Amino acid sequence: MNFTALDFETADNLIPCEIGVSVVRNGIVSVTRSWLIKPSCFPYMNYWHQRVHGITNRELEKAPSFASLWDELQPYFEGQTVVAHNATFDMGVLRATLDHYQIEYPAMNYFCSVRLSRRTWKGMPSYKLNELCRTFGIGLNHHRAGSDAEACARIVLKVAESLDVSTVSELPGIHLFSEKIVRTIPK
């Protein structure tokens, strides 16, 4: 099983201040990384967002912009299958940020681990990331992008294990919410 898990923490709606990725190759989490991002709204930080993740302006002051990180980040997306826990949110942040910096969308597929979990483990009391991690004994430093991305990856691997499948395409309902996010920005 090969995929990349993604998570964003935000300074304000759809404006990232941290990105995390966790790469799964041959069914094993091979690398997890995170980067602080100087948000495009800097120094503004939505009070409620900051309370959730605890990232401060002081930490972000010397962080690179998303645009300056994109060359390093792009290989994690281009031609990959990406998963996020509540993919609608994370893909929205990715689209809005790429649009803001007028960066071409990567050719990629994505799916949502919340939807996948609901299809696999029907009737659980909660499908929140922290609750699934607690249920399955997955370590989590919640609301830090690298840890959340790795937890998402491990949840997908738990689904695959419980269903005895070895590829993303074998996961239940994956074809129903896998999409391409391909667009070229006019010059």
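Mentor: Glu131 has a relative accessible area of 29%, and so counts as partly exposed. The model is a predicted one.

Trainee: Why is Glu131 called partly exposed?
Mentor: Buried means under 20% and exposed means over 50%, with partly exposed in between. The value for Glu131 is 29%, so the residue is partly exposed.

Trainee: What makes Arg134 exposed?
Mentor: The cut-off for exposed is over 50%. Arg134 has a relative accessible area of 56%, and is therefore exposed.

Trainee: How do you know that Glu131 forms a salt bridge with Arg134?
Mentor: The rule asks for a side-chain nitrogen of Lys or Arg within 4 Å of a carboxyl oxygen of Asp or Glu. The closest N and O atoms of Glu131 and Arg134 are 2.7 Å apart, so the pair meets the rule. Both residues lie in helix α6, three residues apart, which is about one turn of the helix.

Trainee: How many salt bridges does this rule give?
Mentor: The count is four. Among them is the pair Glu150 and Arg154, with the closest N and O atoms 2.9 Å apart. These two residues are both in helix α7, four residues apart, again about one turn of the helix. Glu150, at 24% relative accessibility, is partly exposed, and Arg154 is partly exposed at 34%.

Trainee: Which residue forms a salt bridge with Glu18?
Mentor: Arg144 does, and the closest N and O atoms are 3.0 Å apart. Glu18 is in strand β2 and Arg144 in the loop between α6 and α7, so the pair ties together parts that are 126 residues apart in sequence.

Trainee: Is Glu18 buried or exposed?
Mentor: Glu18 has 3% relative accessibility, and under 20% means buried, so Glu18 is buried. Arg144 is at 23%, and therefore counts as partly exposed.

Trainee: Which residues make the contact?
Mentor: From α6 they are Leu129, Leu132, Cys133 and Phe136, and from α7 Asp148, Ala151, Cys152, Ile155 and Lys158. The residues of this contact comprise seven nonpolar, no polar and two charged.

Definitions and conventions:
Residues are numbered from 1 along each chain as its sequence is written. This is a predicted model: local features need pLDDT of at least 70, side-chain atom pairs count only at pLDDT 80 or more; totals for chains, interfaces and linings use all residues. Side-chain values use heavy atoms; hydrogens and water are left out. Buried means under 20% relative accessible area, exposed over 50%, partly exposed in between (1.4 Å probe, protein chains only). Contact means heavy atoms within 4.5 Å. Ala, Val, Leu, Ile, Met, Phe, Trp, Tyr, Cys and Pro count as nonpolar, Asp, Glu, Lys and Arg as charged, and the others, Gly among them, as polar.
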